[in-house]
Amino acid sequence: MGCLLHDVGKIGISEEIVRKPSSLTVEEYNIIKEHPGKGEQIARPIGFLQNHRFLIRNHHEWYDGTGYPDRLKGEDIPVGAQIIGVADAFDAITSTRPYRFGLDPEVALERIRENRGTQFSPQVVDVFVKIFDEICAVC
Ligand SMILES: [Fe+2]
C-alpha cells in the first residue's frame, strides 16, 4: 500500500508544477518536496494506512541523511521506504517524460549502483541488482 500510494501527496501540489515539462525553479522544487509530508497527512486518519504512512513520508530520504523531509539516515529510514526509493528511481530513469526519453534499464541500474550508500541503501541495491540479473537471465 505504501508503494502504491507513495506519491499520493502530489494531489496537494499544483498540477502546473507536477506536470511542468521543463526544469523546476528552486521555489518549485521546494514545493514539490512537500509531497511526502502531504501524503503522510492524507494517510494519517485512514486506519488501514497506519502501518504504511511512514513509507509515504520517508520515500525521498537518502541513506547518507541528505534526503527529505526528515533527513533520516541509514537504517533509521523504514526499510519499505528504502525499497520504494530504489524502485522509484528505476522507474523515473526508465520512464519517458515530456522533456526526455526514458533510458535503458541497464543505464538505470548503473546509476543506482553509482549511488549505492549515498542515496540508496547498500543492502537494497544489492538485492535489486541480484533480482534484476535473475530477471535478465531469462529475458
Ligand atoms: Fe515522491
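Thr118 is in contact with Trp62, Tyr63 and Asp64, once its neighbours within four places in sequence are left aside. The model is a predicted one, and in it Thr118 belongs to the loop that runs between helix 6 and helix 7. Gly67 lies 51 residues away from Thr118 along the chain, yet the C-alpha atoms of the two are separated by 9.9 Å.

Helix 5 itself covers residues 79–94, 16 residues in total. From its first C-alpha to its last, helix 5 reaches 23 Å, which is close to the 22 Å expected at 1.5 Å a residue.

On the scale of the whole chain, the domain assignment gives domain 1 as residues 1–57 and domain 2 as residues 74–139. The centres of the two domains, taken over C-alpha atoms, are separated by 20 Å. Where domain 1 and domain 2 meet, each contributes 7 residues to the contact. What classes of residue does domain 1 present on the side that touches domain 2? That side has 4 nonpolar and 3 polar residues, with no charged residues.

Methods
Residues numbered from 1 in each chain as written. Predicted model: local features only at pLDDT ≥ 70, side-chain atom pairs only at ≥ 80, totals over all residues. Domains from an automatic or database assignment. Contact = placed C-beta atoms within 7 Å. Nonpolar A, V, L, I, M, F, W, Y, C, P; charged D, E, K, R; others polar. Helix = DSSP H or I, 4+ residues; strand = E, 2+ residues; numbered from the N terminus. Expected span 1.5 Å × (residues − 1).
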